[in-house]
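Please keep the sequence and the model in view while reading.

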Amino acid sequence: MTSAELDRRHVWHPFTQMRDWNDPAHEMIVLVEGSGAVLKAEDGREYLDGNSSIWTNLHGHRHPEIDRAIKDQIDRIAHSSFLGSTNDVAVRLAAKLIEATRLADHKVFFSDDGSTAIEAALKMVYQARLQRGETVRRKFVSLASGYHGDTIGAMSAGHSPIFHAAYRPLLFETEEVMSPACYRCPHNQAKPRRGVEARAGRQCQWECLDALTTKLDALGDQATALVMEPAVQGSAGMTMHPPGYLAQAAAACRDRGVWLVLDEVMTGFGRTGSLFACQGENVAPDLLVLAKGLTAGYLPVAATLASRDIFDAFLGDYSEMKTFFHGHSYTGNALGCAAALANLKIFETGQTLGTIAKSARILEHALARFWDHPNVGDVRQEGLVCAIEIVEDFDTRKSFPFAQRLGHRICLEARRHGLLTRPIGDVLILMPPYCATEAQLTHMADALWLALCTVLPLPNCSTPG
Ligand SMILES: Cc1ncc(COP(=O)(O)O)c(C=O)c1O
């Protein structure tokens, strides 16, 4: 049996309508190898990894230093329990994470992926408040369209109608506040202008911050924590926040005794240009959640970094039952931690942040032509997160009907030009690995442009040069 046949027979894929997937007309890509920014399929075809394998792979596939670190580690030990013992790799990783995040007094709690790390953060907040005697502080506040993962707590903190609607009765109540997403913000009075990103051209009075402070004031002592993705809300469609929002939101929380939980599962490790998005605005969160790029896309390791105040709330006599009774079998997994240490070393010893800035400029230049297409409503970018929003009507920002699946069709077409990426609705996304060369970055932009002009034809569409 071929790999595709085995897949159709036995596998259920995430976020996938399996009836479409298993349709014989669906052309399945079976990936078998990777090198740098290139993925190779079983049939010999090669693709550029345009979304860093769902936002995880930072430095490219088969990076020699990360490969070596994992091989060295496997010659020592792959995994041992973090319950009742510790290990040399996880403790070194914890120390490096504290150094990299500049959260000197925080403690590192390891888990497996973004959802489990968020889940740990929510439980830490909840239990810490109880144990500090702040028993009325139970209300979590989070941003509209936020996405923090698929476990019950993570879904409760999220506000994604498409992903979460079916489970709503299972979820605990959280308070939603408007997202500072300028392109579709009802308070943004600016008319769309070609060539001007919505954030840059916005005309508003920071109503998003007013909405946050109004909500926090209305909740008063009931507000426990604000949970948010800083700078870019990934699954919301790579919506991007105006610079300054994060610092002001953090100040609003601090003034009211509300903890700030930053979900840097997607934005962490250089993706938005600074090592962590919160550092871009000099914000130190009470809880910082890291996953995805932590191991540079090699192995599932996540971390929740908790402030001294939160950590201290769990200290006491065993009989007081203040322990954080929470954890997972693979916590502190040595192979994963070795990969994460190698990842951090690449940032420490290389010029990664400089490379990211340079590649971001290359992509900015290569994507400028998208403004010429009548169905491109917004082209936005934060570091190496690039998003192109497709609309039916530029002036009104009206979307195409959901059922037309334009983003999906454009990305399918892009495969024919050697690019693999995945849209969010009608938002096309490029998030290349940091190792992508100038030629590869230009190829990604060209492939997406050709695909767009095939699905939504333009006269005389070609790539430049
Ligand atoms: C911001 C954010 N938080 C949390 C998650 C959940 O992470 P995971 O898929 O590793 O559980 C994601 C996944 O896309 C994410 O983008």
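A crossing is called left-handed if the near helix is turned anticlockwise from the far one by less than a right angle, and right-handed if clockwise. Helices (H or I, at least four residues) and strands (E, at least two) are DSSP runs, numbered from the N terminus. The model is predicted, so that local features need pLDDT of at least 70 and side-chain atom pairs count only at pLDDT 80 or more, while totals for chains, interfaces and linings use all residues. Residues are numbered from 1 along each chain as its sequence is written, and side-chain values use heavy atoms, with hydrogens and water left out.

Helix α15 passes α17 in a right-handed crossing, and their axes, which are lines fitted to C-alpha atoms over the stretch in contact, with angles from 0 to 180 degrees between N-to-C directions, come within 9 Å and cross at roughly 35 degrees. The table lists the residues that meet, contact meaning heavy atoms within 4.5 Å.

| Helix | Residues in the contact |
|---|---|
| α15 (residues 352-367) | Ser359, Ile362, Leu363, Ala366, Leu367 |
| α17 (438-455) | Glu438, Leu441, Thr442, Ala445 |

These residues divide into 6 nonpolar, 2 polar and 1 charged, where Ala, Val, Leu, Ile, Met, Phe, Trp, Tyr, Cys and Pro count as nonpolar, Asp, Glu, Lys and Arg as charged, and the others, Gly among them, as polar.

Helix α17 also lies across β2 (38-41), β3 and β15, running at about 100 degrees to β3. Strands β3 (residues 46-49) and β15 run parallel and are joined by 2 bridges, two strands being paired if DSSP finds at least two bridges between them.
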